[in-house]
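User: I am new to this structure. Please show it to me, then I will ask how the labels were reached.

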Amino acid sequence: MPFLTVKFNLQNRVKLAQGLWMLYWLSVIVGIAIFSLGLFFKIELRKRSEIMDNSESHLVPNLLILVGALACGINAFGGKTCHDSLDPLKFAKLKPLLRPYMLLCCGFNALLLLLVLLCFIMQFSVYLTLAEGLKNAIRFYKDTDTPGRCFMKRTLDMTQIEFRCCGNNNFRDWFEVQWISNRYLDMSNELVKDRVLSNVEGKYLMDSVPFSCCNPGSPRPCIQHHLTNNTAHYDYDHRIEQLNIWSRGCRGAVFSYYSSIMNSIGALLIVTIVLESADVAGLKYLSTSLETMADPENPECESEGWLLEKGMKETFADMITKLKTLGRANQVEEGADAPEATS
């Protein structure tokens, strides 16, 4: 007995075909949105490639671009099928393609589900890549005259300004590296020389941060040097003072941005899976209702449509039987090939 049987007359079939046509073209628009988001995400990753050590993964954006293009093609064909389905001559030509097309749609839904999982799994990769990339970016901040790192300072400054952040974990990350190039240090100055010689690695370390860490919303002029020296500033205590630099680390800020993009994409993909499932179910009802018409030449006659030709248990049992038969066939072929190889 067919699963979820519904009776149709001409009016119901026309309404179903029209509704499915609109749903398929809505899915095409969603496909364009997925394609656009894939391009946007790829561009955003490229823009900040330097602070990720150029090791960011483009698997998800590339798959999004592919899936978006496939969604447009698959759903455009589905829309045309619904438009032509009420014409008996056109439906007769399309009928052999419907089963492969619906199997393709099921496979496409499986790809969408995989992409949803990747959107959430990739967030861990982005977090780790940012942690290592920002650590190296801060270390190479001063190397403005080194090939391959010339724009690191600009990239990191723009990142801190755009995301209102400072350092990797927090502003104290700048205290652990020499971020001023030796070109701009007066080595004849005793204070500078003493600071360099007092460091085991010969680095000029300061309790200071770059200008891009400054919060322009602070009422007090930016204090970016001698942050932990209370006597260097009037009416200042770094332990209780609300510093007028960004306290949030760039790793958390940039990761939050990318995470929000991937979560939004994941939500859109889930909506797309629901739409595609509705499209396939509707097309199955439409095709079966047209195939079961008692008199195909009389469009007014009633018919039945169903989701599955047999019940859930019977369909599942048939699938298991087909898989077993396919497995046995492969074993027989392997057994037949073995003697030939030995001979």
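Analyst: The questions below cover the labels and the values behind them. This is a predicted model, where local features need pLDDT of at least 70, side-chain atom pairs count only at pLDDT 80 or more, and totals for chains, interfaces and linings use all residues. Residues are numbered from 1 along each chain as its sequence is written, and side-chain values use heavy atoms, leaving out hydrogens and water.

User: What makes up the protein chain, in helices and strands?

Analyst: The protein chain has seven helices and two strands. Helices (H or I, at least four residues) and strands (E, at least two) are DSSP runs, numbered from the N terminus. The pattern along the sequence is β-α-α-α-α-α-α-β-α.

User: Why does Ser 27 count as buried?

Analyst: Buried means under 20% relative accessible area, with a 1.4 Å probe and protein chains only. Ser 27 has 3% relative accessibility, so Ser 27 counts as buried. Ser 27 is found in helix α1.

User: Which residues is Ser 27 in contact with, leaving aside neighbours within four places in sequence?

Analyst: They are Asn 75, Leu 275, Glu 276 and Asp 279. Contact means heavy atoms within 4.5 Å.

User: How does the reach of α3 compare with the expected span?

Analyst: The expected span is 1.5 Å times one less than the number of residues. Helix α3 has 52 residues, with 76 Å expected. Its first and last C-alpha lie 71 Å apart, close to that value.

User: Where does α3 kink?

Analyst: At Lys 95, shortly before Pro 96, by about 45°. The bend is the angle between axes fitted to the seven residues ending there and the seven starting there.

Terms used
Buried < 20%, exposed > 50% of the residue type's maximum accessible area, 1.4 Å probe, protein only.
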